[in-house]
Structure formats: structure tokens, C-alpha cells
Amino acid sequence: MKITILTVGKLGRMVEAQLAVDYASRATASGRALALGPVEIVEVEARKPGKAAEAEVLRPHLDGAYVVACDEHGKAWKSRAFSDHLARLRDDGNRRVVFLIGGADGLDASILSSANETMAFGIQTWPHALARAMLAEQVYRAATILSGSPYHRD
């Protein structure tokens, strides 16, 4: 199952971008035997300001995918439950899962309402650059949990 972290905005060579890419690479390697991956990070930018314009550049990447929108009102998953959820999505026959991280103002209501589910990183608001790295790390952690690695202990 291909996993895409689709984000609004380009980080360039920021240290947070490198951290996200590193975890996405680790997740791809760890998930290969589990049919989880590859894990990719796709950055898009709108030509106009605002959530509606951002929604327009996100939409073409969502066709045929199970869509998880990252939003402060979404479900907060414990790591082990998140890994089980990814395994269920894979086992249910989903070929692609796309995780959405919006711009500074979040995701447009039309994107949120069309997503299969929403997910939160807890009750705090996180910088979008860190959210990418955190999400990539959780996908990596899910692969290690599912492979039986002692990386995550209760």
C-alpha cells in the first residue's frame, strides 16, 4: 500500500524537511516486507492565497486514495492503534493512503468533508514542518511495530 504525505507548502532544505524525508525513507525500508510503502512526501503550492486555492492543488492527488486529513478536530491515535489501523487499511485492499497536511490556515472545509477520516496530533497546534516529520515518524514506527521490532514498548 503506497503511503503519501501530501503537504501544502515547500520546505526546501530546512532541517525539518530532512527529518521528514529521513523517516519516510526508514518507513519505506521497514514497511517493504509488510506491503506498507513506499512512503513519499509530496509538496504542493497554490498560485493564489487561501484554503480554497490550496484545496484545488490538493484534489488531483486524491483520486482513488483513502484520504486522511490531519486536522485539530480529528482522532488522536496511540502509536500501536495507529499501526493496527494502517494494517487494516492495507488488509481491506486500499492501494493508496494519502495523509493531508494543510497550509498555515489548515485544510479547506471541502477537503475535510471529502476525506475518509481526520487525524490529530493531540490537542496542541504543531508547526506544519514538524507535523510532516511527526507523521513520517509515526508511519515508520507503525512499520516497526507491525514487524515485531522492540522499537515501541508499552
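Author: What follows describes the core, then the aromatic pairs, then the cavity and the pocket. The model is a predicted one, in which local features need pLDDT of at least 70 and side-chain atom pairs count only at pLDDT 80 or more, while totals for chains, interfaces and linings use all residues. Residues are numbered from 1 along each chain as its sequence is written, and side-chain values use heavy atoms, with hydrogens and water left out.

The largest nonpolar core has 27 residues, and those with the most contacts inside it are Phe82, Phe99, Leu135 and Val139. A nonpolar core here is a set of buried Ala, Val, Leu, Ile, Met, Phe, Trp, Tyr and Cys residues joined through side-chain atoms within 4.5 Å, where buried means under 20% relative accessible area with a 1.4 Å probe and protein chains only, exposed means over 50%, and partly exposed lies in between. Two or more residues of this core come from each of β1, α1 (15–31), β3 (66–76), α3, β4 (96–101) and α5 (128–146); helices (H or I, at least four residues) and strands (E, at least two) are DSSP runs, numbered from the N terminus. The largest share, seven residues, is given by α5. Leucine 135 touches Ile5, Cys70, Phe82, Phe99, Ile101, Met119 and Phe121, leaving aside residues up to four places away in sequence, with contact meaning heavy atoms within 4.5 Å. A second, separate core has 14 residues, including Ala55, Leu62, Ala69 and Ile111.

Threonine 4 lies in strand β1 (residues 2–8) and counts as buried because its relative accessibility is 5%. Among the residues that threonine 4 touches are Val97, Val98 and Phe99.

The structure holds two aromatic pairs; rings of Phe, Tyr and Trp (its six-membered ring) pair if their centres lie within 6.5 Å, and planes under 30 degrees apart count as stacked, over 60 as edge-to-face and the rest as tilted. Tyrosine 23 and tyrosine 140 form a tilted pair, at 5.9 Å centre to centre and 40° between the planes. This pair links distant parts of the chain, since tyrosine 23 is in helix α1 and tyrosine 140 in helix α5, 117 residues apart. Tyrosine 23 counts as buried because its relative accessibility is 16%, and tyrosine 140 because its value is 13%. The rings of phenylalanine 82 and phenylalanine 99 have centres 6.0 Å apart and planes at 50°, so this pair is tilted as well. Phenylalanine 82 in helix α3 and phenylalanine 99 in strand β4 are 17 residues apart, and their pair too links distant parts of the chain. Both phenylalanine 82 and phenylalanine 99 are buried.

Phe82 and Phe99 return in the lining of the largest cavity, together with Val68, Trp77, His85, Leu86, Leu89, Glu117 and Met119. On a 1 Å grid over the protein atoms alone, a cavity is a set of points where a 1.4 Å probe fits but cannot get out, a pocket is an open set with protein on both sides within 12 Å along at least five of seven lines, and lining residues have an atom within 4 Å of a point. The largest share of this cavity's lining, four residues, comes from α3.

The largest pocket is lined by 18 residues, of which the closest to its centre are Cys70, Asp71, Glu72, Thr125 and His128. The largest share of that lining, three residues, comes from β3.
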